[in-house]
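Please keep the structure in view while reading.

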Amino acid sequence: MATPLQRIVNGAPPAAWEKCWAERVTPWDLGGVTPLIQHLVSQEQLPQGRCLVPGCGSGYDVLALANPSRHVVGLDISETALERAKELTSKNTTSQNYVEFKAVDFFSYSEPKPFDLIFDYTFFCALEPSLRPAWAKKMAELLARDGELLTLMYPVGDHEGGPPYAASPKAYEAVLHPCGLHALSLEDNKFSIGARKGREILGRWKKTTPRI
């Protein structure tokens, strides 16, 4: 049986994502900062510089990642989502000067200067699997040569249909390897919460230098 999310989205993207936000059918939204991001930020385990969060939604993670040494751009196709993100930002005097939100389709987005860090969570799994090669190509295009792609894979499994569509390290490798991105590490997310426990894997990816 289709979920409320699937009834809205299937056959009607990308406008359907705006409808999801307008009708508050947003099961991917944790209502706060992703615990893993809180941990990595507190431990200073992430690159500084320029950061991108595609499908940023309410912007919790954008604000958590931002600091004087890390400027963060949040992308979302939903104007309603970004209105909420901007409202949160207006109340966050610590991070508000280091963030920027853009209502744009990830696949048509471009920047003259690449990003040192890109964070993907519940974005990959929202895409039709046929779009995954284009997702990987765009990630490689936007990522700096020495940058890092941080993917929090969810929901790990082999179920049929979506969104969310099933994720796995192999699914990411299948599209990222041809684009020159390889995993530095793959590990279970010990900071997962609720029903997501045991269904998330953190992948940290970098571009490999071709051997001459």
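A residue is called buried if its relative accessible area is under 20% and exposed if that area is over 50%, with partly exposed in between. The model discussed here is predicted. By that criterion, helix α2 has exposed residues A15 and A22 on the face turned away from its buried side. The structure also holds two cavities of 30 Å³ or more, and a search of the whole structure finds nine aromatic pairs.

**Helix α2**

- Helix α2 spans residues 15–22, and its buried residues are A16, W17, C20 and W21. Because these four cover an arc of only 145° around the axis, they lie on the same side of α2.
- An α-helix has 3.6 residues a turn, so residues three or four places apart point the same way.
- The cover over the buried residues of α2 includes α1 (4–9), β2 (70–76) and α5 (79–90).
- After α2 comes R24, which has a positive phi, near 60°.

**The largest pocket**

- The largest pocket holds about 710 Å³ of space.
- Its lining comprises 31 residues, and those nearest the centre of the pocket are W17, T122, F123, A126 and L127. W17 is also among the buried residues of α2.
- Elements α1, α2 and β2 each give two or more residues to the lining of this pocket.
- By class, the lining of the largest pocket has 22 nonpolar, five polar and four charged residues.

**The largest cavity**

- Rolling a probe the size of a water molecule over the atoms shows where empty space is left.
- The largest cavity has a volume of about 230 Å³. It is lined by 20 residues, of which W28, G55, C56, D61 and T122 are the closest to its centre.
- Two or more lining residues come from each of β1 (49–54), α4 (60–65) and β4 (115–121). Helix α4 gives the most, with three residues.
- The lining of the largest cavity divides into 10 nonpolar, seven polar and three charged residues.

- The volume of the second largest cavity is about 50 Å³.
- Its lining consists of L30, T34, P35, L36, Y121, N189, F191, S192, I193, R196 and E200.
- Six of these lining residues are nonpolar, three are polar and two are charged.

**Aromatic pairs**

- F106 is buried because its relative accessible area is 4%, whereas F107, with a relative accessible area of 28%, is partly exposed.
- Y172 and W205 form a stacked pair, with 6.4 Å centre to centre and 20° between the planes. This pair links distant parts of the chain, as Y172 belongs to helix α7 (residues 169–176) and W205 to strand β7 (residues 201–207), 33 residues apart.
- Y172 and W205 are both buried.
- Through ring pairs, Y172 and W205 join F124 and W135 in a cluster.

Notes. Residues are numbered from 1 along each chain as its sequence is written. This is a predicted model: local features need pLDDT of at least 70, side-chain atom pairs count only at pLDDT 80 or more; totals for chains, interfaces and linings use all residues. Side-chain values use heavy atoms; hydrogens and water are left out. Buried means under 20% relative accessible area, exposed over 50%, partly exposed in between (1.4 Å probe, protein chains only). The arc is that of the directions from the helix axis to the C-beta atoms. Contact means heavy atoms within 4.5 Å. On a 1 Å grid over the protein atoms alone, a cavity is a set of points where a 1.4 Å probe fits but cannot get out, and a pocket is an open set with protein on both sides within 12 Å along at least five of seven lines; lining residues have an atom within 4 Å of a point. Grid points are joined across faces, edges and corners, and a volume is the space filled by probe spheres set on the points. Ala, Val, Leu, Ile, Met, Phe, Trp, Tyr, Cys and Pro count as nonpolar, Asp, Glu, Lys and Arg as charged, and the others, Gly among them, as polar. Rings of Phe, Tyr and Trp (its six-membered ring) pair if their centres lie within 6.5 Å; planes under 30 degrees apart count as stacked, over 60 as edge-to-face and the rest as tilted.
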